[in-house]
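Hi,

Here is the structure I promised to pass on. Have a look, and my notes follow below.

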Amino acid sequence: MNTALSCKHIEVDFDGFKAVSGVDLELARGEVHFLIGPNGAGKTTLVDAITGLAKYSGSVVKDGEELRGKKVHHIARRGIGRTFQTAQVFDNLTVAQNLDIAAGAGRSPWTLLRRRRHLPQNVVDTMARIGLADHADTPAGVLAHGQKQWLEIGMLLVGDADVLLLDEPIAGMGHDERETTGRLLHDIAADRAVAVVEHDMDFMRAFASRVTVLHAGAVLASGSVDEVSNDPRVQEVYLGTAKEAADAATA
Amino acid sequence: MSPAPVRMFLKTRLGTWTGFGAAAIVLFGLAPLLLSGFRLGLLAQFICYAIVAVGIGLAWGRGGMLTLGQGVFFGMGAYLMAMHLKMADAEFRNGPGAVPDFMELAGIRELPAYWAPFSSPAFTIAMILLLPTAFAVLLGLAVFKRRVKGAYFAILSQALAGAFAILLIGQQSLGGFNGLSRFQYFFGFTLADPVNQQMLYFIAAGVLLAVVAIALQLRRSRYGELLVAVRDAEERVRFLGYDAANVKVVAYAVAALFASVAGAVFVPVVGIISPASIGIVPSIMFILGVAIGGRASLVGPVVGALAVAWAQTALSEQFPSAWTYAQGLLFIAIIALLPGGIASVFKRFPTKRTPVEAAA
Amino acid sequence: MDLLVGQLFTGLSTGSILLLAALGLSLTYGQMGVINMAHGEFIMAGCYTAYVVQQAVGDAGASLLIALPVGFLVGGAMGLVLETLLIRRLYHRPLDTLLVTFGVGLILQQVARDVFGAPAVNVAVPEALRGGVDLLGVTVPKTRLFIMALAVVSVAAVTLVLRFTPAGRRIRAVVGNRDLAETAGISSRRVDAGTFFIGSGLAGVAGVALTLIGSTSPTTGQSYLVDAFLVVVAGGMGRIKGAVVAAVALGALQAVFETYSTASLAKVGVFLVIVVFLQLRPQGLFTLRTRSLA
Amino acid sequence: MPLRLKLKARDLARTLAATAAITGLVATAACGTRAGEETAATESCVDTSGDTVKVGSLNSLSGTMAISETTVRDAIALAVKEINAAGGVQGKTVEIVAEDGASEPTVFAEKAEKLIREDCVAAVFGGWTSASRKAMLPVFEDNDSLLYYPVQYEGLEASENIFYTGATTNQQIIPALDYLAETGVESIYLVGSDYVFPRTANAIINAYAEAHGIEVLGEDYVTLGSTEFSTIVNQVKSAGADAVFNTLNGDSNVAFFREYANVGLTAEDMPVMSVSIAEEEVGGIGVENIEGQLAAWNYYQTVDSPANTAFVEAFKAEYGADRVTSDPMEAAYTSVYLWAATVEKAGSFAVADVQAAADGVSFESPEGTVVIDGDTHHVTKTARIGEIRADGLLYTVWESEGPIEPDPFLEGYDWAAGLGDTE
């Protein structure tokens, strides 16, 4: 297994409330790793911790380097990219501009202060890959919901992130868009580690290479889709209670 | 001709040159021909406000930093220039090391040490360019790195303006409440001479064009796009690996530099700088023109600042009370109903290439 | 000893004035993230309420007691109107709200000038509050004791309302998590209006009280506003506890600076301390830590 | 497309270069007089060919100073009206061009320039704060025009282009100190707003005190507009001086006197001598807080003279019976008459003629006879110490023996040597 990111005993404490308590998590290249769990299980908080937004104890190591205590943008520069529950794109900039910015975190001040002469090749390629080649000059704000989420994923791709933490990437998508997104995730996971926070069980079953179930801030179970689905504890706390919620969100 | 094609044209290289050419003809040709010496001097003063406005447009309109304390940087530039002018006057009258007249009156016999270097024009100009910029960088780093933003930043910048004005009032060696005034010469030229007053106007106009050109380049550069990105989704930018604080600091520092240069030109044009011109209220009044003209547009803040300054002069004498109401109503009406300012009225036909012009 | 007691008292007294001016602001800012620049003018409206009531009633003591609740209603009503007509429509645009309310403040000042005239008017101090009390060798003016007491009562009242009334619980729920509160069936719109009413009413009360020590003129409110904002910034948004501690701390700081340097430098010193303080605690003294993105 | 974009990268440099070139060219071509060379005198545009002559009235009608300065504007308008009713100046009707100084020095400078260069007024009346006067001074000198400045000030100034009709320090501060010394005051405490007048006044007071054996127990300044006096009043009280000398300005007085009364200090045990509190301000402070305290001016509404009775009556008739008259108003009113008398004497509106004729011009003003001193452009004034009484008015309790000659640089006082050098 090609481990990209290794989290050991992560704990996040909000004024006495332990949102995440002692989570271990390994993300491997080549896998689409789903993080599931009921509301308040600590999934998003875990992502916040890894990306440097939330303070935590424990350790997050990527390619041998400890990330705890580093600033958000330093962690991002080490190839850890994330998306948000509601897609965060730059509404007033075009798709091309969005991607160009995402591709340029390492640019020199001199480059920044000049105009863009032409789009970098990886921006052009990525636009095609996320299906937005025809929208290069469209302001991101007018894109459809699903397109924004693809754009956000595309922004991580051009930024050369090799650990992608995606927070509900198919929320609000129709069936075809989900399929497309699922295939895109597998495609990009070929040489990257992809973690997906999701509620949608069908989507998870269709596309997960590995699943970790969180409950009340701790790992309940981890393994293949089948292993997890057959775990009686998971069925008890999660599939029983959250199924309706997930279905409601899907509808 | 509808506005959209005009705007499209102005985006082209030829259009940019045409725009600057037209502005140069108006500023350097028409204005001196049509306006009396007094009105031209007044225009020079308004242009100084417009220069500040260009900076605010950059920091606030493009960068989302509502800086309610530009009076601080305006004041720095103005006081630095005024110190040089007072030194030069004193040395012209009484030789090197002479004490400026207002200090004699305040009973200060020895030239304070920090005044001495300002007898050098080069040092003065260097300080006008460097000191406010460096201060803005330091303050910006202190504030933005700690992710103090939005309303917190606005309040802090406002408190800064208040504190700065109070600090100056307490400094007798900087003229205290009365400030510095009564300048005779500007780098060797007699300020009382109308020809030299016209020269000052040309300098002000030239600085305005230069400042607009710099702002234009910043807007069209990759940095300009990045700045808008930070304005609209700062966290996203940070998670892409940028230090968003640095992006903001640059715009804040450039706005400070513009304000400082404006202050430095303001002093010989108007002939006085005092704490009354740089405190909390003058600082927030800088915002009004920018809001009216269009915070996110390039030319909007310039037009807005000129319009507000003109209206203030023209209306306040006849209707001092009505003018205050008008100011209040303008703040409410423009910001609540037309947040893009006047500039947005001409953008009813959105062109595909520039969605960044939308209001913050 | 005298000096120390004097400073201690001055700090508490200045702090209680700051607190009165900032309490309502802290509430509205915390509730909606709205910076109300017209808050100072609401204080000014409270001052003029005291003036008008005194003109009508005559007796200074009785008029003060009447003016306090009337001032609350006047301030509150103005706040309600402002919230309904403007602030509600600018939700999610906090910086624009700041500028719009500044415009409102300008207009209110001019209204005061046109109605009451530009010169300061006199609100007489009730006989019972004239003179001072000797405490540990320092003469403490009764008016300042009254203001300190009023500050304590105001804080207590706000705390009680927030903690023990249904309306207060709704306010706290919305401050804690607006979306969640809405899904729980709380109309955040009505809560906003209610909060603004209370916050602005407190400004009115502050105005009435401040006539005891300061002048009543169209620009009275302005002089309190910036300091009040600094209290809110330093205290942390929406935290009554933070506002109390910050107000007293800034009051004491001001008093100490003033004794050892000049009053002018004291203002500058306080500002510097706040900037340094924000390096340590960027979100102010007390904050709720939540997982929401800032 | 890429080609076009490529060229654009250099736009900034080119635009800047072009701008610099244009500015440089135009500016060099426009260069005028250099330091040391004689400047061509600016031509006055005052038009005296018609039946009217214009004068400017420049006062803050908005902003913090509007409170005080609108009263001065009214007094100027009254004087002009009376003069016109009596046949005008040199047979011409005087027409006022009113401008708003907006309580901001820069606006004063701008409006002064407008009055001189656009409206072509023969003289300007107005200004209040020292800052506004300092801002206007270069404008009047550069354009060689006349300003009549009607407010008591800190002295140390004598411009050819300004007539100072308010008191200078030896007509207000020094008599006030003389009065305190006469009544047996041996120690004083100084409280003032932080700006030039209080600082200059206190420098003089310190010098005076040293020369006359009076002890200065403290000297405190507050920010203009400050209303926090807890610390200062406590320090004043514990210092236990015989009197307080108060140079506070505006709203600060309200807070100061309330605090003063509230800690139990009274006019009997520690009188306060104020130099910026006139009839207008007493109302806002509250008579009950300030009754019995002292003020130093040259004029009170209660001055008993035929000229003043006529002035007060005319003012109340014009603006309402509830209005009061104060020192700066009287000085402004007087200044218009002084200008008219000087023009009549010179037989000309020209600045040089007025300047030449000014010495010795006198007027029976409400405060008594005032005479212009041609050297300093100040006027002789009678000093009066007033006591604030229950009706809110000030009553003279002490008066100098006749008008005092102006001495803005305090050259006639040995102890004041070195306080401020002549220019």
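Helix 2 and helix 9 of chain C make a right-handed crossing (right-handed if the near helix is turned clockwise from the far one by less than a right angle, left-handed if anticlockwise). Bear in mind that this is a predicted model, where local features need pLDDT of at least 70, side-chain atom pairs count only at pLDDT 80 or more, and totals for chains, interfaces and linings use all residues. Residues are numbered from 1 along each chain as its sequence is written, while chains are lettered from A and ligands numbered from 1 in the order in which they are written.

Back to chain C: the axes of helix 2 (39-57) and helix 9 (220-235) come within 7 Å and cross at roughly 135 degrees. Axes here are lines fitted to C-alpha atoms, for helices over the stretch in contact, with angles from 0 to 180 degrees between N-to-C directions. Helices (H or I, at least four residues) and strands (E, at least two) are DSSP runs, numbered from the N terminus. The two helices are therefore oblique to each other (under 35 degrees is roughly parallel, over 145 roughly antiparallel, 65 to 115 roughly perpendicular, and the rest oblique). On the helix 2 side, the residues in contact include Ile43(C), Met44(C) and Cys47(C), and on the helix 9 side they include Tyr224(C), Leu225(C) and Ala228(C); contact means C-beta atoms, placed from the backbone, within 7 Å.

Now chain D. An automatic or database domain assignment sets the domain bounds, and chain D is divided into domain 1 (52-166 + 307-381) and domain 2 (170-299 + 385-416). Their centres, taken over C-alpha atoms, are 27 Å apart. The contact between them takes 27 residues from domain 1 of chain D and 20 from domain 2 of chain D. On the domain 1 side, helix 3 (66-85), helix 13 (327-346) and strand 12 (368-371) of chain D each supply at least two residues, and strand 12 gives the most, with three.

Chain D also has an open sheet of five strands, order 2-1-3-4-5, with parallel pairing (two strands pair if DSSP finds at least two bridges between them). Its edge strands are strand 2 (93-100) and strand 5 (162-164) of chain D. On average, neighbouring strands of this sheet are turned by 25 degrees against each other, direction ignored. Helix 13 of chain D packs on the sheet, touching strand 3, strand 4 (147-149) and strand 5 of chain D, and its direction makes about 165 degrees with that of strand 3.

Cheers

Terms used:
Contact = placed C-beta atoms within 7 Å.
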